[in-house]
Amino acid sequence: RMFHDDELEESEKFYVGQPRILLLIYALYNTLVARSEMVCYFVIILNHMVSASMITLVLPILIFLWAMLSVPRPSKRFWMTAIVYTEVTIVIKYFFQFGFFPWNKHVDYTKDKPYHPPNIIGIEKKEGYVHYDLVQLLALFFHRSILKCHGLWDEDEKGDSSSNKEDTDDELSLTGGRRDSSASLKSVNLAASVESIHVHFPEQQTAIRRKSSSSESQLSHRSSFSSHRSKRETLIISHPAILSFSASYRVVNSHCSLFHFRTLQVYVPIRQFFYNLIHPDYSAVTDVYVLMFLADTVDFIIIVFGFWAFGKHSAAADITSSLSEDQVPEAFLVMVLIQFGTMVVDRALYLKKTVMGKVIFQVILVFGIHFWMFFILPGVTERKFSQNTVAQLWYFVKCVYFGLSAYQIRCGYPTRVLGNFLTKSYNYVNLFLFQGFRLVPFLTELRAVMDWVWTDTTLSLSSWICVEDIYAHIFILKCWRESEKRYPQPRGQKKKKVVKYGMGGMIIVLLICIVWFPLLFMSLIKSVAGITNKPLDVSITITLGGYQPIFTMSAQQSQLKDLNQTDFNAFLGSYRGNTAALQFLEGYGKEDITLADLEGNSNSLWTISPPSRKKMIQGLLDFSAEFTVVLSWSIQRTLETVYPYYIKAPSDSLAKPIKQLLTGMCPDHRKGWENITVSLVKNVSEEGVREWWVLNQLGKRYKTSEESLELFIFSDKVSPPSLGFLAGYGIMGLYASVVLVIGKFVREFFSGISHSIMFEELPNVDRILKLCTDIFLVRETGELELEEDLYAKLIFLYRSPETMIKWTREKT
């Protein structure tokens, strides 16, 4: 106990003895201190999501293209830029809150306009205009205090001064005190004339060695620079002090030269910054592609279920209602294609391991996404970004992706990409996740083809897919063998009931549900979730023998009445004892029945020609001939009887009379139909003779004083719009599309086992798994001839059952 300290030991005992809630608060505070820069990033992004203006757009872009790309951490210059910019933003917003500005006189009218200039800039007058900016400033000052406590705030200035002195001593010792020698200006050659201003970068220029983010690899600036004295030309161009204004005025005397000189002052540090990212001396190689892919997947899901937020302002809230109408929204299509395209490009960059391409892609994506989300999308949706919750959520997840992408650029791509990330361990979690990954349509095939396109290999596409399939199959077998080792089954012992009823019972229930799913679905979708589809118009047309219609009448609005509970109970009581009628009425409630009250007088004059009228009268007088009466309500039907009192309006367009209710208590179903009287009314006036027909129903329930017709309409419940596309297939359609398709896969699982015993029952797959891994490894190292040999060995192994038996024996 050489470094034993009683005070430290007592302090540790004191903190350990504190209540758990207090220890939790201490832990959360320490986490906050350790990740204070992440807190600043989060607050800045949150402020921009709420404000969504040009004045708050600068800092998020600087985060993703400067701060998160800095090694090992953002410099003091960035934090000072963020602090000063936030303070200036607060002052500007405060200044434009005064009411004498013209745009502040009609705030209620312009506050929701996305393209109103003050709203775009961020200087509009509103309540709480500076709250998030003050929180942002507080977070920045908190991070600044943390850096000062650990002595990291002035680290950059000390490093700059020490490097300045080191470079100066190095230059004096090499050039004999002549600062204007050609050797000291090898990187930057400034001539007296304007035309001779050049900047030369050495071909094999090496960047300053990066400082590791871990505390164990922290090196002093002096030792770091002294180890690079031989590269002093690079240090000169990478440090802006060599381009001081005093030296420039001694060399360049024109205004044009000064402009070029200032341009170089901005360009050179930016160029050197990205050059150091692409060509680091060393890098802590990492792989966060899986997390980036998950972030893109979450964004993809947000687009699918919230596509309406990225297009025209619409009340549609789900994609199923649009797809059920065979319509693909343009906003949904564009967003899906863009999101999917970025995922493909990201996969290509990951496989090629090109940091330069990733940097270019990051810059394009950051500027493109911010321009589209905050300048194009508000005009498309006709509402501000701060009022679009789905777009805000999508942008926040995309910011997580930008942070992971910046971390990947800063650390560099891994040198080897071996297999799927789900195949790194052999347990049930990886097994089921990998199986789910393979069940996604076309995902496995697309990944295999992309890997083959962007990976150096000598294998053909079919051979590549063959290796991938073998590797996936062997991985699944390896997971099952490992599970058998962890949970061994003794010989001669019967299976436990927990396993049998757990696994077998679940499969039985699943199969039963699949078989009876269409019946249950069609039964419940209309009885439980169905909605009443009441008629809006009921029309009656009667034609005699195919001549001009003698009666037309429609019932609408107030003429369509609902039954109350008393009338409905009386209606049910009238059919007590009629089993067929009561069985039919069980599926309907009082809200499903509509009573149509049609006026007895036809709403149109009878305009038949005299010859047709004479011929019709002769047909009516001829009792030996058959004369038909056609009554139409939705389609024309030839009726054996006269007037159907009850009509069923199903979910389709065909309306039918209800025979169960028309038969009544009589054995002859024709007697259940109602009779009507038809009379021709003739009106003689100065304008001439006008005729129309009047109909009256004899056996009415609710109206007997006037000449009229009554019609009961039973409306079937229809499925909700979001499920109508599925229910529209009917029971047989669902059986054909669901039960038979799933049954085909289940049958293959139960009937195709005997053909795969040689490849499924492998006791030990370690050697085959190692062979597949070796193929991946030699491919990544560029040994393409060896890749061909190992692939040939793998194919021979699967062609030779004897060799397969030897390779898969248990190790003794």
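The structure is a predicted model, in which local features need pLDDT of at least 70, side-chain atom pairs count only at pLDDT 80 or more, and totals for chains, interfaces and linings use all residues. Residues are numbered from 1 along each chain as its sequence is written, and side-chain values use heavy atoms, with hydrogens and water left out. The protein chain contains 32 helices and 15 strands; these are DSSP runs numbered from the N terminus, with helices (H or I) of at least four residues and strands (E) of at least two.

**Overall architecture**

- Of the 812 residues of the protein chain, 38% count as buried, where buried means under 20% relative accessible area, exposed over 50%, and partly exposed in between (1.4 Å probe, protein chains only).
- The protein chain exposes about 47600 Å², of which carbon and sulfur atoms supply 62%; accessible areas come from the Shrake-Rupley method with a 1.4 Å probe, and for residues only the protein chains shown count as cover.
- Among contacts (heavy atoms within 4.5 Å) between residues at least 6 apart in sequence, 71% join residues at least 24 apart.

**Nonpolar core**

- The largest nonpolar core has 67 residues, and those with the most contacts inside it are Phe64, Trp79, Phe310, Met373, Trp394 and Tyr395.
- Two or more residues of this core come from each of α3 (36-51), α4 (58-67), α5, α8 (131-149), α14 (289-305), α16 (330-352), α17 (355-381) and α18 (389-411).
- Helix α18 gives the most to this core, with 11 residues.
- A nonpolar core is here a set of buried Ala, Val, Leu, Ile, Met, Phe, Trp, Tyr and Cys residues joined through side-chain atoms within 4.5 Å.

**Salt bridges**

- The count comes to 17 salt bridges, each being a side-chain nitrogen of Lys or Arg within 4 Å of a carboxyl oxygen of Asp or Glu.
- Lys358 pairs with Asp346, the closest N and O atoms being 2.7 Å apart.
- This pair links distant parts of the chain, with Lys358 in helix α17 and Asp346 in helix α16, 12 residues apart; both Lys358 and Asp346 are buried.
- Lys353 forms a salt bridge with Glu780 at 3.0 Å, N to O.
- Because Lys353 lies in the loop between α16 and α17 and Glu780 in helix α30 (residues 766-780), the pair ties together parts that are 427 residues apart in sequence.
- Lys353 counts as partly exposed, at 25% relative accessibility.
- Glu482 and Lys478 form a salt bridge with their closest N and O atoms 2.9 Å apart.
- Glu482 and Lys478 are 4 residues apart in helix α21 (residues 461-486), so they are separated by about one helical turn; both Glu482 and Lys478 are buried.

**Thr89 in helix α5**

- Thr89 is found in helix α5 (residues 76-95) and is buried, with a relative accessible area of 4%.
- The Thr89 side chain reaches the backbone oxygen of Tyr85 at 2.7 Å.
- Not counting residues up to four places away in sequence, Thr89 touches Ile55 and Asp133.

**Nonpolar surface patch**

- Val498, Val499, Met503, Ile507 and Leu511 make a nonpolar surface patch of about 450 Å².
- Patches consist of residues with over 30% relative accessible area and no salt bridge, with like charges joined within 9 Å and nonpolar side chains (Val, Leu, Ile, Met, Phe, Trp, Tyr) within 5 Å.
- Ile507 is found in helix α22 (residues 497-527) and is partly exposed, with a relative accessible area of 38%.

Note on methods: Polar contact = N/O pair within 3.5 Å; in protein donor to acceptor, adjacent residues only side chain to side chain.
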